[in-house]
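Opening the notebook on a new structure today. I want to go through how the chain is laid out and then how the copies sit against each other.

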There are 2 protein chains.
Amino acid sequence: MPPFQTLNSNIVWQCPWYAVRQDQILLPNGDHAEYNVVVKSQAVWVLPVTAQGDIVLVRQYRHTVQDWCWEIPAGSVKPGQTLAEAAHEELREEIGGVTDRLTYRGQFYTANGICNEVGHYFLAENVILGEPAHEPVEVMSIHPTPIAEVYRLARSGQISDATSLLVLLLCEPHLQ
Amino acid sequence: MPPFQTLNSNIVWQCPWYAVRQDQILLPNGDHAEYNVVVKSQAVWVLPVTAQGDIVLVRQYRHTVQDWCWEIPAGSVKPGQTLAEAAHEELREEIGGVTDRLTYRGQFYTANGICNEVGHYFLAENVILGEPAHEPVEVMSIHPTPIAEVYRLARSGQISDATSLLVLLLCEPHLQ
């Protein structure tokens with residue numbers, strides 16, 4: 001049995017991308033407490049490697065932190081999509097990429113202190129680049145980068161997006 | 001100049017741990033859009049290594065994902081605290097740890113798609129364990145674990161908390 005019992009649960013705020021659920025919970029010591037959970041659908045991260053052996057990074061402006069970040073393609077899984085379909089879609093939309101070698105590599109909780117999001121990550125090899133389809137709010141440029149240079153950036157603190165950096169480090173042993 | 005201009009900004013929901021700020025922004029193409037930002041204070045993660053050479057993991061129940069997670073001590077920086085003070089405090093509260101060798105190792109954005117949180121990470125060596133001071137909502141146990149075993153868990157997908165896993169991988173080259 002989980003240590004917390006949920007006594008009551010309400011959505012207290014929502015937008016098209018996520019919601020906040022307020023739970024009244026019973027703690028193991030008998031106290032009642034309020035626990036707020038940012039509720040989000042699952043998400044995918046895709047590490048794209050071209051047939052030439054470059055990793056394709058994107059340089060994206062993030063309004064949340066008012067900064068430009070090196071990242072890999074990522075996005076939420078839409079209702080009815082499989083994880084692999086979502087991965088192919090993000091690849092296509094963010095870098096115009098297609099692949100015949102998409103490998104599921106694992107999952108993690110992206111921010112378990114506040115959010116229920118489960119992140120899944122894929123390695124995409126033999127990626128062929130084409131025309132991306134960015135939304136107006138996706139301000140980014142596309143940068144095929146030699147693998148050694150990507151890991152130099154990663155190890156020197158220049159890849160500031162935690163999840164992209166995590167996926168790069170987790171996939172490192174699987175790259176030639 | 002940043003590509004997005006903020007035209008208007010309001011806190012639309014808040015709790016003691018974070019708030020949601022709704023920004024009306026002007027996109028580079030001239031469109032207006034709504035961008036919601038989860039606003040949180042900065043946070044610290046601390047990788048504790050004992051004088052005996054064990055990494056101290058905690059096994060914590062996370063209500064957000066209704067799961068038990070292997071983690072390292074972490075928490076928000078309180079107003080008026082330095083990052084190092086916050087790191088010492090989390091060490092003390094979560095594992096009863098004290099250290100005379102706390103090293104700042106870097107920073108990242110924990111969830112830049114939705115949240116402005118900046119995470120800072122420290123390596124704490126020579127850690128001496130004592131009595132922790134858990135809050136009722138912090139349901140966790142303390143596990144000094146040989147370094148090799150920790151990285152076996154990390155590499156085999158058993159450490160599901162993305163940020164703890166990231167800090168472990170980033171600190172690996174700095175551990176004996």
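Entry 1, chain layout. I noted at the start that this is a predicted model. I looked up the distance between the domains: the C-alpha centres of domain 1 of chain A and domain 2 of chain A are 31 Å apart. Domain 1 covers 5-39 and domain 2 covers 43-174. For overall dimensions, I got a C-alpha trace of chain A spanning about 60 × 35 × 30 Å along its principal axes.

I counted three helices and ten strands in chain A. Reading from the N terminus, I wrote the order down as β-β-β-β-β-β-β-α-β-β-β-α-α.

What rotation puts chain B on chain A? I found 180°, with 0.0 Å of shift along the axis and an RMSD of 0.0 Å. That is how a two-fold axis relates its copies. I also checked which C-alpha of chain B is nearest the axis, and B:L166 it is, at 2.6 Å.

I find 46 residues of chain B in contact with 46 residues of chain A. On the chain B side, the elements that give two or more residues are strand 1 (5-14), strand 2 (19-26), strand 3 (32-39), strand 5 (54-62), strand 8 (101-109) and helix 3. Do the copies meet through the same surface or through different ones? The same one, because 100% of the interface residues of chain B are also interface residues in chain A.

Next I went to helix 3 (residues 162-171) in each chain. The axes of helix 3 of chain A and helix 3 of chain B come within 10 Å and cross at roughly 55°. I therefore put the two helices down as oblique to each other. The crossing of helix 3 of chain A past helix 3 of chain B is left-handed. Who makes the contact? From helix 3 of chain A I listed A:A162, A:T163, A:L165, A:L166 and A:L169, and from helix 3 of chain B I listed B:A162, B:T163, B:L165, B:L166 and B:L169. Sorted by class, this helix contact has eight nonpolar residues, two polar and no charged ones.

How values were computed: Residues are numbered from 1 along each chain as its sequence is written. Chains are lettered from A and ligands numbered from 1 in the order in which they are written. This is a predicted model: local features need pLDDT of at least 70, side-chain atom pairs count only at pLDDT 80 or more; totals for chains, interfaces and linings use all residues. Domain bounds come from an automatic or database domain assignment. Copies are superposed by least squares on the C-alpha atoms of residues with pLDDT of at least 70 in both. Two residues are in contact if their C-beta atoms, placed from the backbone, lie within 7 Å. Axes are lines fitted to C-alpha atoms, for helices over the stretch in contact, and angles run from 0 to 180 degrees between N-to-C directions. Helices (H or I, at least four residues) and strands (E, at least two) are DSSP runs, numbered from the N terminus. Angles under 35 degrees count as roughly parallel, over 145 as roughly antiparallel, 65 to 115 as roughly perpendicular and the rest as oblique. A crossing is left-handed if the near helix is turned anticlockwise from the far one by less than a right angle, and right-handed if clockwise. Ala, Val, Leu, Ile, Met, Phe, Trp, Tyr, Cys and Pro count as nonpolar, Asp, Glu, Lys and Arg as charged, and the others, Gly among them, as polar.
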